[in-house]
Amino acid sequence: MVADSKSKSDISFAGTFASSAFSACFAEICTIPLDTAKVRLQLQKKAVAGDGVALPKYRGMLGTVATIAREEGLTALWKGIIPGLHRQCLYGGLRIGLYDPIKSFYCGGSDFVGDVPLTKKILAALTTGALAITVANPTDLVKVRLQAEGKLPPGAPRRYSGSLNAYSTIVRQEGVGALWTGIGPNIARNSIINAAELASYDQVKETLLKLPGFSDNVVTHLLSGLGAGFFAVCIGSPVDVVKSRMMGDSAYKNTMDCFLKTLKNDGPLAFYKGFIPNFGRLGSWNVIMFLTLEQVKKVVRNIESS
């Protein structure tokens, strides 16, 4: 399992899928306000002299959260939670549920004995991340579209009335293929972040357990989750920014067009826009998800063995 790189899966795929989906959804509910702040910061364009814009609307993670809550109400921080939960049920369940079978496949089958090499863990996580987000991309698109919509002038209609309306409106106005808008950077982002999260969680936990005073407990899981979140943000931020901009703004032709325009107009640091809220989001998300996953798997393991 993800929690123990040395052991083979001791619960069924269905059990792993259900445990992963539940843990991912719980983490999503707890941390989506930070994700909403991250999306707003990433979509915010750099002010240009002469535009009459003195300062950017959103400044910093806490400032963005406060601005959204003040202008749009606290519930606006949970915009996109329904498609977010759709996404986590699919993506969260598949990326972890498939991790052990694919890792075993890359190691030559169930007869493999010994520690799984780090390269095999990374390759397996890249594969499961890419497969899972290919299935879940429509949910990601709708989540970003709902999160990107800020406060509207009085009387102005909202683009979408809800998540189901967003799905149907996008299909009706833009075609079914539009649900996979941004699939390129999204596969890149999620496969890379999945590899960073799963492989680093395994590696950090394995390292900590070799140190005096550490055991397989909540503290070790917490530190391993923080490490997974940090590595994921450092590696995945540039593709995350491109993905958010492509999904939130249809003006970009393709991934490269979005990358080049962002680089030209906003500079290289734009690719790490929202880094602090992104780490706050992914760091806390990983801690909550992995802590919950470890406990839920124990329950599922007991149910399946009884």
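## Close-up views of helix packing and aromatic pairs

View 1. Ile-96 is placed in helix H3, where helices (H or I, at least four residues) are DSSP runs numbered from the N terminus. With 2% relative accessibility, Ile-96 counts as buried, a term that means under 20% relative accessible area, whereas exposed means over 50% and partly exposed in between (1.4 Å probe, protein chains only). The model is predicted, so local features need pLDDT of at least 70 and side-chain atom pairs count only at pLDDT 80 or more, while totals for chains, interfaces and linings use all residues. Residues are numbered from 1 along each chain as its sequence is written, and side-chain values use heavy atoms, with hydrogens and water left out. Along the chain Ile-96 and Cys-30 are 66 residues apart, and their C-alpha atoms are separated by 20 Å. Helix H3 (residues 81-97) packs with H7 at an angle of about 55°, their axes 12 Å apart; the axes are lines fitted to C-alpha atoms, for helices over the stretch in contact, and angles run from 0 to 180 degrees between N-to-C directions. H3 and H7 are therefore oblique to each other, given that angles under 35 degrees count as roughly parallel, over 145 as roughly antiparallel, 65 to 115 as roughly perpendicular and the rest as oblique. The crossing of H3 and H7 is right-handed, that is, the near helix is turned clockwise from the far one by less than a right angle. On the H3 side the contact (heavy atoms within 4.5 Å) is made by Arg-87, Tyr-91, Arg-95 and Ile-96, and on the H7 side by Arg-189, Asn-190, Asn-194, Glu-197 and Leu-198. By class, three nonpolar, two polar and four charged residues make up the contact of H3 with H7; Ala, Val, Leu, Ile, Met, Phe, Trp, Tyr, Cys and Pro count as nonpolar, Asp, Glu, Lys and Arg as charged, and the others, Gly among them, as polar.

**View 2. The packing of helices H3 and H5.** The axes of H3 and H5 are 8 Å apart and the packing angle is about 170°, which makes H3 roughly antiparallel to H5. Among the residues that make this contact are Pro-83, Gly-84, His-86 and Leu-90 of H3, together with Thr-128, Gly-129, Ala-132 and Ile-133 of H5. The residues of the contact of H3 with H5 divide into ten nonpolar, five polar and four charged.

**View 3. Thr-134 in helix H5.** Thr-134 is found in helix H5 and, with a relative accessible area of 34%, is partly exposed. Not counting residues up to four places away in sequence, Thr-134 touches Trp-180, Ile-183 and Ile-187. The C-alpha atoms of Thr-134 and Val-176 are separated by 14 Å, and the two residues are 42 residues apart along the chain.

View 4. Helix H7 (residues 183-209) and helix H8 (residues 218-248) have axes that come within 7 Å and cross at roughly 170°, which makes H7 roughly antiparallel to H8. The residues of this contact comprise 18 nonpolar, eight polar and five charged. Gly-227 is found in helix H8 and is buried, with a relative accessible area of 15%. Although Gly-227 and Tyr-201 are 26 residues apart in sequence, they are 6.8 Å apart in space, C-alpha to C-alpha.

View 5. Six aromatic pairs are found in a search of the whole structure, where rings of Phe, Tyr and Trp (its six-membered ring) pair if their centres lie within 6.5 Å, and planes under 30 degrees apart count as stacked, over 60 as edge-to-face and the rest as tilted. One of them is the stacked pair of Tyr-201 and Phe-290, at 3.8 Å centre to centre with 10° between the planes. Tyr-201 lies in helix H7 and Phe-290 in helix H10 (residues 275-305), so this pair ties together parts that are 89 residues apart in sequence. Tyr-201 is buried at 0% relative accessibility, and Phe-290 is buried at 1%. The rings of Phe-230 and Phe-279 have their centres 5.8 Å apart and their planes at 90°, so this pair is edge-to-face. Phe-230 in helix H8 and Phe-279 in helix H10 are 49 residues apart, and their pair links distant parts of the chain. Phe-230 is partly exposed, with a relative accessible area of 38%, and Phe-279 is partly exposed at 28% relative accessibility. Phe-230, Phe-231 and Phe-279 form one aromatic cluster.

Conventions: Helices (H or I, at least four residues) and strands (E, at least two) are DSSP runs, numbered from the N terminus.
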